[in-house]
Every structure is written in C-alpha cells, then in structure tokens.
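The sequence and structure are shown first.

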Amino acid sequence: AQSVTQLDSHVSVSEGTPVLLRCNYSSSYSPSLFWYVQHPNKGLQLLLKYTSAATLVKGINGFEAEFKKSETSFHLTKPSAHMSDAAEYFCVVSGLYNFNKFYFGSGTKLNVKP
Amino acid sequence: DGGITQSPKYLFRKEGQNVTLSCEQNLNHDAMYWYRQDPGQGLRLIYYSQIVNDFQKGDIAEGYSVSREKKESFPLTVTSAQKNPTAFYLCASSIGSDTYYEQYFGPGTRLTVT
C-alpha cells in the first residue's frame with residue numbers, strides 16, 4: 001500500500017534561516033509526489049509536484065523539493081524563511097494502481113520566529 | 001475565475017440534524033473528493049467520484065452520503081449517524097493524464113454540531 005510519513009509534526013525556524021520539512025514515502029515504483037500548504041481555516045494550495053521528470057522540483061514562493069528514489073524521500077526546502085511561510089504543509093503521494101487517489105501525510109506545522 | 005467553491009464557510013447545527021455541504025467546480029474536472037480534517041490528523045478521505053452518477057466510499061464514509069448528478073457538483077450530507085461531525089471539510093477535484101493526476105482544493109467548510 002501507498003503511505004507517506006512526515007517526520008516532524010512541528011518545525012520552528014527564525015526568519016531568514018533555511019527551512020527543511022521532511023517527507024518519506026512508501027511505494028514499489030516511482031510515484032507522483034506533491035507538497036501542499038494550508039494557512040489557518042483555508043483550503044490546500046499546491047506548492048510543487050514531482051511527476052517523474054526532473055528530480056529537483058521548483059515550486060511557488062521559493063520552495064523546492066528533491067526526489068530521492070534511493071532514500072524514498074521528497075523533502076521540502078527553502079533557503080530563507082519568511083513570516084508568511086508560517087502554515088501547515090502536507091506531503092502527498094498518488095495511488096499505486098489508481099492515479100486518481102491520493103495519500104496524505106499527517107502534516108508539518110511550520111512556525112517562523114521574527 | 002475557475003475554481004472550487006464551498007458554501008457556507010461556517011455552518012452550525014444541532015445534534016441529530018442532517019446537514020448538506022455544497023461543493024461546486026467550474027474546472028471541468030471529472031473527479032471530485034470530500035475530505036475531513038481534524039487537528040493533528042491530516043486529511044481523511046470520505047467519498048470520491050470519478051464520473052457523474054458514480055462514487056466510492058473512502059476511509060471514513062460511515063455517517064456520510066453523497067450524490068453526483070452533475071459534473072460540476074458533489075454535495076456531501078452529514079447525517080445524524082455520524083458520531084463526531086464537528087470538523088473542517090474540504091472538497092477537491094482533480095485533472096490528469098495517463099501517468100498522474102493533480103488535485104485542486106476548495107476553501108473548506110467548518111461544521112460545528114452542538
């Protein structure tokens with residue numbers, strides 16, 4: 001079965017310092033992987049996606065993620081955190097036999113300190 | 001503007017009453033989904049529909065019902081059989097190709113049952 005593990009439920013960084021949100025997935029093949037961001041009481045917004053093209057994926061707002069098949073990881077990074085990055089982030093993998101089904105990690109709440 | 005609308009944003013009901021949450025999309029997407037979000041638990045799939053007049057149960061369908069009479073609309077009814085209905089409900093739709101699908105989310109409805 002497909003599954004996603006977000007290794008940290010909470011991450012706290014200072015403004016201007018790098019951000020690292022960790023995600024590991026379980027799949028017997030190369031899946032499609034996504035990172036979404038959710039601000040309080042809002043819907044989810046797609047940050048970036050990996051769909052078996054380039055392994056380093058650039059997204060919106062300066063975020064990027066690297067697909068590492070050998071480590072089954074898809075960690076999200078940003079060189080310099082901004083106060084507006086404070087939100088909850090979800091790593092998502094698409095279904096093995098049904099690309100139209102999605103599996104969500106439990107989320108990582110990012111706190112950005114001034 | 002194309003997108004997904006959910007109404008209302010906040011909904012209050014008395015215990016024992018059924019309530020219907022609206023979800024409409026004008027993206028011409030075939031597939032639609034309903035998720036429930038509780039603090040610290042990420043998103044859990046309630047129902048999904050890949051085409052009109054067809055839908056499948058997700059992981060937590062008990063106490064919920066859906067219909068898909070039109071491509072644009074996928075309403076969710078929270079029945080009195082749902083033991084803990086207070087939650088944030090997210091509707092999504094997806095578009096894809098032969099190799100991957102991508103989900104788009106609505107802004108959510110927060111349901112409070114007392």
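In which loop of chain B is the place of P8(B)? P8(B) is in the loop between strand 1 (4-7) and strand 2 (10-13) of chain B. The model is a predicted one, and in it the peptide bond joining S7(B) to P8(B) is cis, with omega at about -10°.

## Overall form of chain B

Chain B contains eleven strands and zero helices. Read from the N terminus, its elements follow the order β-β-β-β-β-β-β-β-β-β-β. The radius of gyration of chain B is 14 Å, close to the 13 Å that the globule rule gives for 114 residues, so chain B is as compact as a globular protein of that length.

The C-alpha trace of chain B spans about 45 × 30 × 30 Å along its principal axes. Of the 114 residues in chain B, 46% are buried. When contacts in chain B between residues at least 6 apart in sequence are considered, 51% of them join residues at least 24 apart.

## The interface between chains A and B

In the contact between the two chains, 21 residues of chain A meet 24 residues of chain B. The size of an interface is often given as the accessible area lost when the parts come together. Here chain A and chain B bury about 1900 Å² between them, and 54% of this area is on carbon and sulfur atoms.

Six residue pairs are in polar contact between chain A and chain B, both residues of each pair being at pLDDT 80 or more. The count of salt bridges between chain A and chain B is one: K49(A) pairs with E102(B), and their closest N and O atoms are 3.1 Å apart. On the side of chain A that touches chain B, the elements giving two or more residues are strand 5 (33-38), strand 6 (44-50), strand 10 (87-94) and strand 11 (102-104) of chain A. The residues on that side of chain A comprise eight nonpolar, nine polar and four charged.

What is the phi of T72(A)? T72(A), which is not a glycine, has a positive phi near 45°. T72(A) is located in the loop between strand 8 (64-68) and strand 9 (73-78) of chain A. Because its relative accessibility is 28%, T72(A) counts as partly exposed.

In chain B, N28(B) has a positive phi of about 65° although it is not a glycine. N28(B) belongs to the loop between strand 3 (19-25) and strand 4 (31-37) of chain B. With a relative accessible area of 58%, N28(B) is exposed.

Technical notes: Residues are numbered from 1 along each chain as its sequence is written. Chains are lettered from A and ligands numbered from 1 in the order in which they are written. This is a predicted model: local features need pLDDT of at least 70, side-chain atom pairs count only at pLDDT 80 or more; totals for chains, interfaces and linings use all residues. Side-chain values use heavy atoms; hydrogens and water are left out. Contact means heavy atoms within 4.5 Å. Buried area is the accessible area (1.4 Å probe) that two parts lose on being put together, summed over both. A salt bridge is a side-chain nitrogen of Lys or Arg within 4 Å of a carboxyl oxygen of Asp or Glu. A polar contact is a pair of N or O atoms within 3.5 Å; within protein, one must be able to donate a hydrogen and the other to accept it, and residues adjacent in sequence count only if both atoms are side-chain atoms. Helices (H or I, at least four residues) and strands (E, at least two) are DSSP runs, numbered from the N terminus. Ala, Val, Leu, Ile, Met, Phe, Trp, Tyr, Cys and Pro count as nonpolar, Asp, Glu, Lys and Arg as charged, and the others, Gly among them, as polar. Buried means under 20% relative accessible area, exposed over 50%, partly exposed in between (1.4 Å probe, protein chains only). The radius of gyration is taken over C-alpha atoms; the globule rule is 2.2 Å times the number of residues to the power 0.38.
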